[in-house]
Amino acid sequence: MTRGNARELAVHLIYGRVFTGEEPEQVVSTRLNKEYYDKLSAENDVYSERPSRAQLRYIDSVVSGVANREEDLNAQISRFSIGWDISRISNLARCIMQLAIYEILYVEDVPTGVAVSEAVRIAKKYDGDDTGAFVNGILGSFARSLAVPAAEEAK
């Protein structure tokens, strides 16, 4: 399994929490249970291979991290989704952007460009080209803001 597939699984788990309200640890253990996981392989090829230990640590870390910082991540999405109230953004697009912003801010071995391009890829795969462009616009603005020193941003 690739990091991209692990990232996609993480999006599924983050998205699932929107509907179940489960704690991150519970959603990870339930959805990655061998029996449950094997059933999903018929529905989506991302489940055809089980994650390695390193990928499980990544998935667990980002799902928990997004859950624990959800308000801050949503604030960043709101800040850059000019003209869009966050409640109008689909749950899936919001979950994808939450993961990307979390990776950019807190996962050291994920370059910003990779986080953005992977988010766009996942958005296009599950929600179409328009959502991919929307996600790219918000994440691109967010990424550019990180490169601007805070003093200049206040001007």
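**Aromatic pairs, core and selected helices**

F80 has a relative accessibility of 14% and therefore counts as buried. Here buried means under 20% relative accessible area, exposed means over 50%, and partly exposed covers the range in between, with a 1.4 Å probe and protein chains only. The model is predicted: local features need pLDDT of at least 70, side-chain atom pairs count only at pLDDT 80 or more, and totals for chains, interfaces and linings use all residues. Residues are numbered from 1 along each chain as its sequence is written, and side-chain values use heavy atoms, with hydrogens and water left out.

A pair of aromatic rings is described by the distance of the centres and the angle of the planes. The structure holds 5 aromatic pairs. Rings of Phe, Tyr and Trp (for Trp, its six-membered ring) form a pair if their centres lie within 6.5 Å; planes under 30 degrees apart are stacked, those over 60 are edge-to-face, and the rest are tilted. One of the pairs is formed by Y15 and F19, whose ring centres are 5.1 Å apart and whose planes stand at 80°, so the pair is edge-to-face. Both residues lie in helix α1, 4 residues apart, and are thus separated by about one helical turn. Helices (H or I, at least four residues) and strands (E, at least two) are DSSP runs, numbered from the N terminus. Y15 is partly exposed at 30% relative accessibility, while F19, at 54%, is exposed.

F80 pairs with F142: the ring centres are 6.0 Å apart and the planes stand at 80°, so this pair is also edge-to-face. Distant parts of the chain are linked by the pair, since F80 is in helix α5 and F142 in helix α8, 62 residues apart. F142 has a relative accessibility of 2% and counts as buried.

Two arginines sit over tyrosine rings. The criterion is that NZ of Lys or CZ of Arg is within 6 Å of the ring centre and within 35 degrees of the ring normal. R3 lies over the face of Y58, at 4.3 Å from the ring centre. Over the ring of Y37 sits the charged end of R50, 4.7 Å from the centre.

In soluble globular proteins, nonpolar side chains tend to be buried together. A nonpolar core is taken as a set of buried Ala, Val, Leu, Ile, Met, Phe, Trp, Tyr and Cys residues joined through side-chain atoms within 4.5 Å. The largest such core has 45 residues, and I59, V63, I96, M97, L99, V135 and L139 have the most contacts inside it. Two or more residues each are given to this core by α1 (3-20), α2 (24-31), α3 (34-40), α4 (53-68), α5 (70-80), α6 (91-106), α7 (112-127) and α8 (129-147). The largest share, 10 residues, comes from α6. Leaving out residues up to four places away in sequence, V135 touches A93, I96, M97, A119, V120 and A123, where contact means heavy atoms within 4.5 Å.

Helix α4 has 16 residues and reaches 22 Å from its first C-alpha to its last, close to the expected 22 Å. That expectation is 1.5 Å times one less than the number of residues in the helix. Its buried residues are Q55, Y58, I59, V62, V63, S64, G65, V66 and A67. These buried residues pack against α1, α2, α5 and α6.

Q55 has a relative accessible area of 11%. Its side chain reaches the backbone nitrogen of S52 at 2.7 Å. Such a polar contact is a pair of N or O atoms within 3.5 Å; within protein, one atom must be able to donate a hydrogen and the other to accept it, and residues adjacent in sequence count only if both atoms are side-chain atoms. Beyond neighbours within four places in sequence, Q55 is in contact with M1, T2, R3 and A6.

N74, in helix α5, is buried at 17% relative accessibility. Apart from its neighbours within four places in sequence, N74 is in contact with I86, R94 and Q98. N136, in helix α8, is partly exposed, with a relative accessible area of 39%. N136 touches V116 and V120, not counting residues up to four places away in sequence. The C-alpha atoms of N136 and A119 are separated by 7.8 Å, and the two residues are 17 residues apart along the chain.

E25 is placed in helix α2 and is partly exposed at 49% relative accessibility. Between the C-alpha atoms of E25 and S41, which are 16 residues apart along the chain, the separation is 21 Å.
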